[in-house]
Each structure stands twice: as structure tokens, then as C-alpha cells.
Amino acid sequence: MGRRPVNEEQQRVNAYGMKTFDTRDLIVREDIMGKAKELASLISTSEEVRHYQQAEMKINNHERVQGLIATIKKKQKEIVAFESFKNKTMVAKIEQEIAELQDEIDSIPVVNEFQQSQTDINYLLQLVISVIRDTVSDKINVEAGTEAPPSTCGD
């Protein structure tokens, strides 16, 4: 399930004499991958994901929002056509129309709810990444016997 093993030809040595590897060639331990999948499963059952799914369903079933999205996509294709004809006037006119349509979409409460749910999931994922990064960083500093970097420049 992990990545393929690195053979001798794939190994390179950097300027310091250390072996370096292409990240896509590294083997990921099965236990680490298992825990990552377990964490992903936990996140997928979170309140943030549930709220996102509900908001997404509301957006997909909202006729006005879907109509506005379809109109914007159509106008984006028109822009491509007018750009190929070097018609800057029409491109500017259509870009203004798209901006107005986007403003209308953004004023619809269900769209705001959906955008907020996306922000909440991103925040949750960034928080998890930060905890993992900080925990690994702390372990590396302790195991290597090095002091953690000072928290401020004055330390």
C-alpha cells in the first residue's frame, strides 16, 4: 500500500554527502498511513464537514444560485471568444456583467453559509496540520538534544 522502495539508482547525494530522495519514491510506513486514514475518517464525520455537506446540498438545489452560476460560465466563454477577436470593449463589458452577477450570488444567504462552511473546514485542516507539525518538531528537538529556538528575538 505504501510507495515503492528506492533502488540504488534513484538515490542522490547532496553537497553535504547526505543521501537525498525524490519524495514520490519514499516508502510511507503502513502504520502512519493507517493513522492518517483514521484521522481523515474522523475529520469527515466532524460537525464542520456535516455543515459543509448541508450547505453544499442547499447550493446545489437553489435554482437562482445555479442559474447565476450557469450565466457566469456562459459569459466566461463569451470572454474567451471576444479575446480571440481582440475585442477589448466587449471583454470589459462582459467582465463587468460577471462582476455584477458575482455580487448577486455573494448576496444570497445560502452562498454565505456555504463559503463560511468552507472556511471552517480549511481552518480545521490547518489546525490539524499545525498540531502534527508542532508535535513532530518538538519530538525532533528533544530527540536530537537540541534546544528549541527562542520564542522571541530577545531570548
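Residues are numbered from 1 along each chain as its sequence is written, and side-chain values use heavy atoms, with hydrogens and water left out. Because the model is predicted, local features need pLDDT of at least 70 and side-chain atom pairs count only at pLDDT 80 or more, whereas totals for chains, interfaces and linings use all residues.

Helices are DSSP runs (H or I, at least four residues), numbered from the N terminus. Helix α3 spans residues 63-84 and helix α4 residues 88-106; the two pack at an angle of about 165°, with their axes 9 Å apart. Axes are lines fitted to C-alpha atoms, for helices over the stretch in contact, and angles run from 0 to 180 degrees between N-to-C directions. The helices α3 and α4 are therefore roughly antiparallel, a term applied to angles over 145 degrees. The crossing of α3 past α4 is left-handed, that is, the near helix is turned anticlockwise from the far one by less than a right angle.

Contact (heavy atoms within 4.5 Å) between these helices involves, among others, Leu-68, Ile-72, Ile-79 and Phe-82 of α3 and Ile-94, Ile-98, Leu-101 and Ile-105 of α4. By class, the contact of α3 with α4 comprises 11 nonpolar, three polar and seven charged residues. Here Ala, Val, Leu, Ile, Met, Phe, Trp, Tyr, Cys and Pro count as nonpolar, Asp, Glu, Lys and Arg as charged, and the others, Gly among them, as polar.

The loop between α3 and α4 contains Lys-86. Although not a glycine, Lys-86 has a positive phi of about 60°. Most residues other than glycine have a negative phi. With 70% relative accessibility, Lys-86 counts as exposed (over 50% relative accessible area; buried is under 20% and partly exposed in between, with a 1.4 Å probe and protein chains only).

Arg-64, in helix α3, is partly exposed at a relative accessible area of 44%. Beyond residues up to four places away in sequence, Arg-64 touches Glu-104 and Ile-108.

The largest nonpolar core has 15 residues, of which Ile-59, Val-65, Ile-108, Val-110 and Val-111 touch the most other members. Two or more residues each come from α2 (47-60), α3, α4 and α5 (109-143), and α4 gives the largest share, five residues. Such a core is a set of buried Ala, Val, Leu, Ile, Met, Phe, Trp, Tyr and Cys residues joined through side-chain atoms within 4.5 Å.

Terms used. Angles under 35 degrees count as roughly parallel, over 145 as roughly antiparallel, 65 to 115 as roughly perpendicular and the rest as oblique.
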